[in-house]
Amino acid sequence: MEKFVYLFKGGMDNSQTASPEVMQAHMQKWNEWMQKLTKDGNMLGGEPLHPEGKRISGTKKVVTDGPFAETKEVVGGYLLINANDLNHAAEIAKGCPILEVDGQVEVRPVRPM
Amino acid sequence: MAIQQDNEVTKVVDHLFRHESGKMVAVLTRVFGFANIEQAEDIVQDTIIRALETWKFGKVPDNPQAWLYRTAKNKAIDLIRHQKVKHKIESELAPLLKSEYTLVPSMNEMFRENEIKDSQLRMMFACCHPAINTESQLTLMLKTLCGLSTREIGNAFLSSEDTIQKRLYRTKEKIKEGHISLDYPGADNMPARVDTVLKALYLLFNEGYNSSHPEKLIRDDLCEEALRLTLLLTENPKTNLPQTNALLALMCYQASRFGARLDDKGFMVLLKDQDRTHWNKFLIERGNNYLNLSADGNRIHEYHLEAAIASVHANAKSYEETNWSMILQLYNNLLDRTNNPMVAINRCIILGEVEGYNKAIEELEKIKGLNGNCYYNTSLGEMYLKAGDKNNGIKLFQNALELTSSNAEIELIRRKINLCK
């Protein structure tokens, strides 16, 4: 087993007009997917992220306030995953409900030390 | 890491977002005043989005409702502190919200269960103000109290989202311009105002119950919302009138048949052919209970009669053992009060069971001006069929076929035509 990180970007562009019922149904799908990942032993952990934040850059340590990217590019959360290889990790990611709402999953292998 | 391997994902109760949205919009609109209703709606939408984004990772809080209220409350407090409320707050709470001493405690108070219910009732009265037409009353209730989106409302009424949006806009403007407040009507006006609310809820329920909408789910939702709001009216002494209980009883009886009204293919099953073991006994008992509670005061309302009719059906062991003469009496009474042609048709059908189908045909043919009505044609056709006159039966069913575009009805009528052959 190798470790992978899923980065979730975008999705739910219409959330300002989506109905509570639609959002709840979407959330339910996420919960079911997460439950499956856990049951299958792929889940190692993860957290949702706030779109806001601060960025510190350069030797002058300049602090800028977020968000830093277009809505579509904002990372909304990450998961740490166990999978056989990159292809397997990508296959698992296909089940992610974010794909039904115009979002993306970026799969990145964790580089072993 | 936040997610443990053995973490059981909590299933959020059905419609939690929708129901809590309705409650929070009612509360925040009361806090901000109706002029700021859009801001109340925005806060609630943002709250739901935040819940979605946070909870979808599998960490639903132990008390999701409290989480939502806390988030919405904090957003509202933030808005007030930074004076970002668009229009001046003109609610009765305005003085309390201006001072830091009382801002947070007052907001906390407004999110208590009793105050939430109170806000919902006030909102119901505002939505069902007599100056607003019925169509707009229903639309505004579904949006503000039931948490449906414009798209969902459009879908329910088979109108475009655009139409619903315009209607909502006009209705809200009317409330703002008319300075319709979120106060309770005075004691003198109360019964009349309650009647207007009940009428809207009755229509909302019927919209769900009778509509030929292709999606069953939407119809059930409308009925469920109407039931929920009527129940709310019975929980407050000001609005818990005999007619409120009568209407709630009627809704319970009708809703008890949901499980038996459609067959496996989604087609309508007539009362006569329904499997009564699939009727919901709990709802029938609730219906009996509310009907008892409604027997108070000296005024008989139409809902009393309709509920009583539904009660005889619901409590009959079989179609054959139904107390038809009792139902006929109730229909006679009901017809005396309303000029509703549907009531007249239904009365004739009952008459058929009591005095014979030929008598029913005779009386139905006396009703004028309904030849272009689908239900009239199917009812008369049914009476002819039962009386053994298949030729006339087939003619009427064929008329009826031309008068409906509902697939469920077309299928039902086709089956009838086959019976006539």
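What percentage of the 113 residues in chain A is buried? The share is 27%. The model behind this value is predicted.

## Chain A: overall layout

Chain A has two helices and six strands. Read from the N terminus, the order of its elements is β-α-β-β-β-β-α-β. The C-alpha trace spans about 45 × 45 × 20 Å along the principal axes of chain A.

The contacts of chain A can also be sorted by sequence separation. Take the contacts between residues at least 6 apart in sequence. Of these, 73% join residues at least 24 apart.

## Contact between the chains

Chain B gives 27 residues to the contact, and chain A gives 24 residues. On the side of chain B that touches chain A, the elements giving two or more residues are helix 1, helix 2 (37-55) and helix 8 (150-156) of chain B. Helix 2 of chain B supplies the largest share, seven residues.

The class make-up of this side of chain B is 13 nonpolar, nine polar and five charged residues.

## Helix 1 against helix 3 in chain B

Two packed helices are described by the angle between their axes and the distance between the axes. For helix 1 (residues 16-32) and helix 3 (residues 64-81) of chain B, the angle is about 35 degrees. Their axes are 11 Å apart. The crossing of helix 1 and helix 3 of chain B is right-handed.

Helix 1 of chain B brings B:Leu16, B:Glu20, B:Met24, B:Leu28 and B:Val31 to the meeting. Helix 3 of chain B brings B:Pro64, B:Gln65, B:Leu68, B:Ala72 and B:Ala76. By class, this contact has eight nonpolar, one polar and one charged residues.

Helix 14 of chain B has 14 residues, and its end C-alpha atoms are 20 Å apart. That agrees with the 20 Å it should span at 1.5 Å a residue. Helix 14 of chain B is mostly covered, because eleven of its 14 residues are buried, with 20 or more other C-beta atoms within 10 Å. The buried residues are B:Tyr303, B:His304, B:Leu305, B:Glu306, B:Ala307, B:Ala308, B:Ile309, B:Ala310, B:Ser311, B:His313 and B:Ala314. Their cover includes helix 12 (242-255), helix 13 (281-294) and helix 15 of chain B.

Helix 15 (residues 324-337) of chain B also has 14 residues. From first C-alpha to last, helix 15 of chain B reaches 20 Å, close to the 20 Å expected at 1.5 Å a residue. Its buried residues are B:Ile327, B:Leu328, B:Leu330, B:Tyr331 and B:Leu334. They sit on the same side of helix 15 of chain B because they cover an arc of only 165 degrees around the axis. An α-helix has 3.6 residues a turn, so residues three or four places apart point the same way. On the face turned away from the buried side, helix 15 of chain B carries the exposed residues B:Ser325 and B:Asp336. Helix 14 (302-315) and helix 16 (341-355) of chain B are among what covers the buried residues of helix 15 of chain B.

B:Thr234 lies in helix 11 (residues 216-234) of chain B. Is B:Thr234 buried or partly exposed? B:Thr234 counts as partly exposed because 17 other C-beta atoms lie within 10 Å.

Leaving out residues up to four places away in sequence, B:Thr234 touches B:Asn240, B:Thr244, B:Asn245 and B:Leu248. B:Leu248 is 14 residues from B:Thr234 in sequence. In space, the two are 8.5 Å apart, C-alpha to C-alpha.

## Positive phi values

Most residues other than glycine have a negative phi. Which values belong to A:Lys61 and B:His15? Phi of A:Lys61 is near 55 degrees, a positive value in a residue other than glycine. A:Lys61 is placed in the loop between strand 3 (54-57) and strand 4 (62-65) of chain A. A:Lys61 counts as exposed because it has 7 C-beta neighbours inside 10 Å.

B:His15 has a positive phi of about 60 degrees, although it is not a glycine. B:His15 lies in the segment before helix 1 of chain B. With 19 C-beta neighbours inside 10 Å, B:His15 counts as partly exposed.

Terms used:
Residues numbered from 1 in each chain as written. Chains lettered and ligands numbered in written order. Predicted model: local features only at pLDDT ≥ 70, side-chain atom pairs only at ≥ 80, totals over all residues. Axes fitted to C-alpha atoms, helices over the stretch in contact; angles between N-to-C directions. Helix = DSSP H or I, 4+ residues; strand = E, 2+ residues; numbered from the N terminus. Left-handed = near helix turned anticlockwise from the far one by under 90°. Contact = placed C-beta atoms within 7 Å. Nonpolar A, V, L, I, M, F, W, Y, C, P; charged D, E, K, R; others polar. Expected span 1.5 Å × (residues − 1). Buried ≥ 20, exposed ≤ 12 C-beta atoms within 10 Å, placed from the backbone. Arc of directions from axis to C-beta.
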